Amino acid sequence: MNKSVSKVFIAADHRGVGLKLYLIEMLSAAGYAVVNLGTDNPDVMVDFPDVAADMANAMGDDKNVRGILVCGTGAGMEIAANRYRNIRASRCFLPEQARDDRFHDDINVLALAADDIDIEMAFMCAQAFLESPFDSTERRIRRIKKIS
């Protein structure tokens with residue numbers, strides 16, 4: 001477990017509820033402080049841009065928190081989340097992607113596609129995302145400043 005991550009915020013739209021609840025259980029068992037931002041009912045439609053806004057507000061400018069967003073494709077959440085200045089989100093399907101996106105681009109939000117990823121693979125992506133460091137070399141910081 002990455003000790004520098006103080007909290008993991010997790011949220012989903014109606015299509016991502018099942019995967020989100022599984023990840024909450026697994027991440028909590030692994031020792032992470034997980035904050036459920038909803039939704040918890042797959043029968044009540046929720047618009048993914050609203051979920052991404054809730055995530056951005058909850059995370060604020062805290063560098064020690066991370067977020068996981070889940071929707072059917074993951075793409076909607078990724079796009080909506082990246083509209084916020086404090087968020088760098090990436091949609092990943094493999095742990096290596098999550099690791100590399102943390103290392104190279106300092107992502108702080110992982111977007112997952114509930115319709116397209118196996119739950120165990122999603123958990124491995126979440127673990128890689130939460131455990132991987134950022135390579136804070138000058139060139140990476142310079143690039144992130146340009147997109148921030």
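1. The lining of the largest pocket divides into 1 nonpolar, 6 polar and 8 charged residues, where Ala, Val, Leu, Ile, Met, Phe, Trp, Tyr, Cys and Pro count as nonpolar, Asp, Glu, Lys and Arg as charged, and the others, Gly among them, as polar. This is a predicted model, in which local features need pLDDT of at least 70 and side-chain atom pairs count only at pLDDT 80 or more, while totals for chains, interfaces and linings use all residues. Residues are numbered from 1 along each chain as its sequence is written, and side-chain values use heavy atoms, with hydrogens and water left out.

2. Of the 15 lining residues, Asp62, Lys63, Arg88, Asp106 and Asn108 lie nearest the centre of the largest pocket. A pocket here is an open set of points on a 1 Å grid over the protein atoms alone, where a 1.4 Å probe fits, with protein on both sides within 12 Å along at least five of seven lines; lining residues have an atom within 4 Å of a point.

3. Helix H4 (residues 95-105) packs with H5 at an angle of about 20°, their axes 8 Å apart, and the two are therefore roughly parallel to each other (angles under 35 degrees). In their contact (heavy atoms within 4.5 Å), Pro95, Ala98, Arg99 and Arg102 of H4 meet Met121, Met124, Cys125, Ala128 and Phe129 of H5. By class, this contact of H4 with H5 has 7 nonpolar, no polar and 2 charged residues.

4. Helix H1 (residues 17-29) and helix H5 (residues 119-131) pack at an angle of about 55°, with axes 10 Å apart. The contact involves Leu19, Tyr22, Leu23, Met26 and Leu27 of H1 and, on H5, residues including Ile119, Glu120 and Phe123. The contact of H1 with H5 comprises 10 nonpolar, no polar and 1 charged residues.

Definitions and conventions:
Axes fitted to C-alpha atoms, helices over the stretch in contact; angles between N-to-C directions. Helix = DSSP H or I, 4+ residues; strand = E, 2+ residues; numbered from the N terminus. Parallel < 35°, antiparallel > 145°, perpendicular 65-115°, else oblique.
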